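Dear colleague,

I am passing on the structure that we spoke about, and below it you will find my notes on what came out of the analysis. Please read them with the sequence and the model open beside you.

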Amino acid sequence: MSAAAVEEPYRPYHSEPLTLLEHANELMEQHPGHRVEIIGGVITAAPPPDVPHARVLTKLMKPFLAAGLDGEEGEVLQGVGLWLPTGPEDYAIPDLVVVDADIHERLIENNCYDPVSFRLVLEVTSIDFNKDLRNKVAAYAEAKIPVYVIVNRKHGRVHVLTDPVEGGYDTHRVHAPGERITLPESIGAEVTLDVEAVLAAGRP
C-alpha cells in the first residue's frame, strides 16, 4: 500500500497542538477506509486499494494458508498495525503479515503490536510505490522484521528482503515473471510463490 504525506491542519493559536498519533487518528475518522501510517515522523494517508491490489492479496493468502501458517502457532492476517522503533509514535499497517499466534498478548498502543511477533510483512505497491521500496525498507529493518516481501506492480517484480541490518536489509533479491520464489523457512513453513501468477493478479 502506498500513500502521500499529509500536512498538519490549521489549528487556532490558543489550542493545544495534536500529537502525531492524535492527528493520524483524526485523519482516519475524517477519511474512513484510508490507511493512515506514521513512518519516520511523517504521516501518510492512502485511499482504499483498487480491485487488482486486493486480488493480489487474495492470491497470496492461498499458499500461506496451504502451508499451514494459519493455525495453532501462527496466523496470516491483513491490515494489522505494526508499532515501529523509528519514532516515538511511528507505526505501519502492512498489507499482509505472518505473525505468532500470541500476537494478541503483544499489543503496544493504538491497535499496533510489537514487531517481535511478526515473521513476515508484505506490501503490494500502489501509486506511490517509493514508500514501500524505500521508507518501509528502513523502517521494517529497524524493527527487525525477518522477511519483507514487496509485490512491485509498477515494475513487474517481486522483491524479497531478508537479514535486517541498520538502514535496510543485507539481502535483497528481485524476482521476475517466470521465476518461483521459496520464502525462508523462518516464517514457519515452506511457501513457494509463482511470480507471474502474483503479478498477473495485480494487473487491471
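S117 counts as buried, at 0% relative accessibility, where buried stands for under 20% relative accessible area, exposed for over 50%, and partly exposed for what lies in between, computed with a 1.4 Å probe on protein chains only. The residue sits in the loop between β9 and β10, and, once its neighbours within four places in sequence are set aside, S117 is in contact with V98, V99, D100, D102, I103 and R106, contact being heavy atoms within 4.5 Å. Helices (H or I, at least four residues) and strands (E, at least two) are DSSP runs, numbered from the N terminus.

Please keep in mind that this is a predicted model, in which local features need pLDDT of at least 70 and side-chain atom pairs count only at pLDDT 80 or more, while totals for chains, interfaces and linings use all residues. Residues are numbered from 1 along each chain as its sequence is written, and side-chain values use heavy atoms, with hydrogens and water left out.

Turning to the sheet, it is open and has 6 strands in the order β4-β7-β10-β11-β12-β13, with mixed pairing, two strands being paired if DSSP finds at least two bridges between them. Because β4 (74–78) and β13 (168–175) stand at the edges with a single partner strand each, one side of each is left without a neighbour in the sheet. From one strand to the next the twist averages 15 degrees. Strands β10 (residues 118–124) and β11 (residues 147–152) pair in the parallel sense over 5 bridges, and E123 stands opposite I150 in β11.

Helix α2 (residues 51–66) packs on the sheet, where it touches β4, β7 (96–100), β10 and β11, and its direction makes about 150 degrees with that of β10; axes here are lines fitted to C-alpha atoms, for helices over the stretch in contact, and angles run from 0 to 180 degrees between N-to-C directions. Helix α3 (residues 129–142) lies across β10, β11, β12 (157–165) and β13, and runs at about 170 degrees to β11.

In helix α1 (residues 20–30), the residues L21, H23, A24 and L27 are buried. Seen down the axis of α1, its buried residues fall within an arc of 160 degrees, so they line one face of the helix, the arc being that of the directions from the helix axis to the C-beta atoms. Among the elements that cover them are β2 (35–39), β3 (42–46), β5 (81–83), β6 (91–92) and β8 (107–109).

Two loop residues deserve a look at their backbone. N110, in the loop between β8 and β9 (112–113), has a positive phi of about 55 degrees although it is not a glycine, and N110 is partly exposed, with a relative accessible area of 26%. K144, in the loop between α3 and β11, has a phi near 60 degrees, again a positive value in a residue other than glycine, and K144 counts as exposed at 63% relative accessibility. Most residues other than glycine have a negative phi.

Lastly, D170 in strand β13 is exposed, with a relative accessible area of 60%. Not counting residues up to four places away in sequence, D170 touches T162, D163 and V165, and D170 and A141, which are 29 residues apart in sequence, are 9.4 Å apart in space, C-alpha to C-alpha.
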